[in-house]
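Please read the points below with the model open. They cover a few local features, taken one at a time.

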Amino acid sequence: MSSNVGIYDMATPAMSFSGTSFLSSFLPRDIFKTSLSFQHKLPQTITVRASSQSSDSVITLLDYGAGNVRSVRNAIRYLGFHVKDVQSPADILNASRLIFPGVGAFAAAMDVLNKTGMAEALCTYIENDRPFLGICLGLQLLFESSEENGPVSGLGLIPGVVGRFDSSNGVRVPHIGWNALHINNESGILDDIGNRHVYFVHSYRAMPSHENQEWVSSTCNYGDKFIASVKKGNVYAVQFHPEKSGDVGLSVLRRFLHPKTSFVKKPPEGKASKLAKRVIACLDVRTNDKGDLVVTKGDQYDVREHTQENEVRNLGKPVELAGQYYKDGADEISFLNITGFRDFPLGDLPMLQVLRYTSENVFVPLTVGGGIRDFTDANGRYYSSLEVASEYFRSGADKVSIGSDAVYAAEEYLRTKVKTGKTSIELISRVYGNQAVVVSIDPRRVYLRSPNDVEFNAIRVTNQGPNGEEYAWYQCTVNGGREGRPIGAYELAKAVEELGAGEILLNCIDCDGQGKGFDVDLIKLISDAVSMPVIASSGAGSVEHFSEVFTKTNASAALAAGIFHRKEVLLRYVKEHLVKEGIEVRI
């Protein structure tokens, strides 16, 4: 990287008219206008080379306005290139290199492309064998059609139908995490990464067939063998996210951006063979009494030191810690926003800036939770949860975590058996996909003499209660664990899956900060009850606790905070231990 860079403070780039068409199809007109106007007010700091822009250094990006495309922009800039946004079909036809990071729903994307004339331009560009890289939905749209809310016709360049993963064969949907690639002989930009993990997050996939075999450059096994990438001439597309696949993903992007160079560093040898278990670093972020944004940690949500000053526990700066965990091998970074701004979540500029700065140099998935809900400000202006989530996505988040609001939505759904389409889970998953919606469950254990003592699902627990009770149910809480609700973790998990959530972050108030291990009983209960991925959280105190939760439950990932912040357990030691125990992880 050149040291000759300039720092420009500029408004968030205006979305192209194609992006406007996309979002306006989901939002009421008044909400949509407010979302756009608010977007333009948010400052950001962008680092670019100060050298003059040649045509070879400019990459054209087709961003139709949905999801976290900031990470793709950051990866392109990180590799030394400038970004030009598509504003019209002519921009596609005139591009020297075109990247299409598709995010969202197949039908909505095709609607945008058709209405704006970009579908025809894309087909012309690709049929002329111009340099093209599609990412995720940018691969799926090349096929003939999709079953997602369909059938819906695609661009029709590759034979085949995009279908949903079949969860009946035991796989969890969405397919979230780091999986291995099986590379064909002529792999192009995928050279030397066949034995490495890359990051996937999707519910639909295309299948290899005799008709499309000339396109398929790699496959991935997840229940069935699906198409992980295609290549034909100068045209490439990948189902995984290179901008979220760490150094391996950056090497893929670098090969596309530097096709004539030979200096690409070969990734170190790996032994990837299947979907890896994820290790996630969680950062609880809030302002301290001086107004500084810090990473903190509390036992059962108490974040203050037990000293005379009673100050907020300060374990580091969020951007710096996130960067360090990325270097240490974290598979994801999760931010829990506990800074306040409860009356006006969109006013939380510091947290938005944390996401922006982090995504500039951290190329693994970022999740943010806290304040994802509908609200009305002091002036009586209503904001939807979709608007709040959209700001987080545009600032660099890949997923949003919904807590208290999900509990209320589940209670109402279980009471009425009606999906209104207006809950935060439904709204956000409809626009950004269910893989972008994580539900955070904060239950506490309530011991019972008999499982028949409550109307909720109760189980026999490993460790008896204080009075010898052998059973317990897990009562959900809201407002940071301060208020119990009349719903169990089991019932909540089943309900939010039906409402459209794509992943569960499963905490346990009783175990939080205790360092005695995850609540295996709870995690097994929930991970067996749902078909979506479950993240185990609360209680980790040693490397053995991670192997225990992965061997005794169906958890897809395990999360820790305090032990990493305080360096009681180093993240890389966790992975080394898991490898020794025969548990596949990304190295």
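Leaving aside neighbours within four places in sequence, which residues is S203 in contact with?

1. S203 is in contact with G163, R164, F165, V173, P174, N434 and Q435, its neighbours within four places in sequence being left aside; contact means heavy atoms within 4.5 Å. The side chains of S203 and N434 are also joined by a polar contact of 3.2 Å. A polar contact is a pair of N or O atoms within 3.5 Å; within protein, one must be able to donate a hydrogen and the other to accept it, and residues adjacent in sequence count only if both atoms are side-chain atoms.

2. On the basis of these values: this is a predicted model, in which local features need pLDDT of at least 70 and side-chain atom pairs count only at pLDDT 80 or more, while totals for chains, interfaces and linings use all residues. Residues are numbered from 1 along each chain as its sequence is written, and side-chain values use heavy atoms, with hydrogens and water left out.

3. S203 is found in the loop between strand 12 (197-202) and strand 13 (204-206). Helices (H or I, at least four residues) and strands (E, at least two) are DSSP runs, numbered from the N terminus. S203 is buried because its relative accessible area is 6%; buried means under 20% relative accessible area, exposed over 50%, partly exposed in between (1.4 Å probe, protein chains only).

4. The UniProt record, an unreviewed entry, places the feature "active site" at C136, H241, E243, D284 and D442. UniProt positions are given in the numbering used here, feature names are shortened, and annotations may be inferred rather than shown by experiment.

5. Of these, C136 is found in strand 6 (residues 132-136) and is buried, with a relative accessible area of 10%. H241 is found in the loop between strand 16 (235-238) and helix 8 (246-257), and H241 is buried, also at 10%. C136 and H241 are in contact. Apart from residues up to four places away in sequence, H241 touches I135, Y199 and V201 as well as C136.

6. Two strands pair if DSSP finds at least two bridges between them. Strand 7 (residues 143-146) and strand 9 (residues 158-164) pair in the parallel sense over three bridges.
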